Amino acid sequence: RAGERLALRLLTNDDSAPRQRMAELVAQQLGQLGFAVEFTPLPFEEMTATLLNQQFDLAIAGWEQVGADPATSTFWHRRDDLPGSGLNFVSWQDAEVDRWLNEAAQVPGCAAEQRGEWYRQVQRRLYEQTAAIFLGGPLDS
């Protein structure tokens, strides 16, 4: 804006060599597009606190052992947009997604087929609105 270069800070945890390498590549590629990106690897606890407090520009994070259930309401529901404690640390809010997540949680008997359609709608909306950019997925599924 007004000839001033956009400067962003990119974070990841310092105990993950793959995430650090990915962050270096992202910073390099954004730099080629004209962004000033400062890559800062942080200790895991500091990274977590920074994310939860919603005090970051860009972050590369990963979740492991979240289970087979695709229920992602803690990451995307507005009720979890709580700086300091909620896992919706990107502070993304969408009334339809909230409704879909609530509907999926209330399917009688937890019928996977019925719940799956609600979760597919959530995933489509996440993709359409670019709430997050997913760089990879599990290799063992």
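Let's start on the outside: Ile133 counts as exposed because its relative accessibility is 66% (buried means under 20% relative accessible area, exposed over 50%, and partly exposed in between, with a 1.4 Å probe and protein chains only). You'll find Ile133 in the segment after helix H5 (112-129). Helices are DSSP runs of H or I with at least four residues, strands are runs of E with at least two, and both are numbered from the N terminus.

Together with Met22 and Leu135, Ile133 makes a nonpolar surface patch of about 300 Å². Patches are built from residues with over 30% relative accessible area and no salt bridge, joining like charges within 9 Å and nonpolar side chains (Val, Leu, Ile, Met, Phe, Trp, Tyr) within 5 Å. The areas come from the Shrake-Rupley method with a 1.4 Å probe, and for residues only the protein chains shown count as cover.

## What you're looking at

This is a predicted model, where local features need pLDDT of at least 70 and side-chain atom pairs count only at pLDDT 80 or more, while totals for chains, interfaces and linings use all residues. Residues are numbered from 1 along each chain as its sequence is written, and side-chain values use heavy atoms, leaving out hydrogens and water.

## The sheet

Now for the strands: an open sheet of 3 strands runs in the order S2-S1-S3, with parallel pairing. Strand S2 (36-42) and strand S3 (58-59) are the edge strands, each pairing on one side only. Two strands pair if DSSP finds at least two bridges between them.

Strand S1 (residues 7-13) pairs with S2 in the parallel sense over 7 bridges. If you want a place to look, Ala7 stands opposite Ala36 in S2.

## A buried asparagine

Is Asn88 buried or exposed? Asn88 is buried, because its relative accessible area is 0%. Asn88 belongs to the loop between helix H3 (73-76) and helix H4 (95-105).

Leaving aside residues up to four places away in sequence, Asn88 touches Gln54, Thr74, Phe75, Trp76, His77, Arg78, Asp80 and Asp81 (contact means heavy atoms within 4.5 Å). With His77 there's a detail to spot: the His77 backbone oxygen is 3.2 Å from a polar atom of the Asn88 side chain. A polar contact is a pair of N or O atoms within 3.5 Å; within protein, one must be able to donate a hydrogen and the other to accept it, and residues adjacent in sequence count only if both atoms are side-chain atoms.

## Salt bridges

How many salt bridges does a search of the whole structure find? There are 8, where a salt bridge is a side-chain nitrogen of Lys or Arg within 4 Å of a carboxyl oxygen of Asp or Glu. One of them joins the side chains of Asp98 and Arg78 (2.4 Å, N to O). That pair links distant parts of the chain, with Asp98 in helix H4 and Arg78 in the loop between H3 and H4, 20 residues apart. Asp98 counts as buried at 6% relative accessibility, whereas Arg78 is partly exposed at 34%.

Helix H4 also holds Arg99 and Glu96, which sit about one helical turn from each other because they are 3 residues apart. Their side chains meet in a salt bridge (3.2 Å, N to O). Over in helix H5, Glu117 and Arg120 are likewise 3 residues apart, about one turn of the helix. Salt bridges that share partners also join Asp94, Arg125 and Glu128 into one network.
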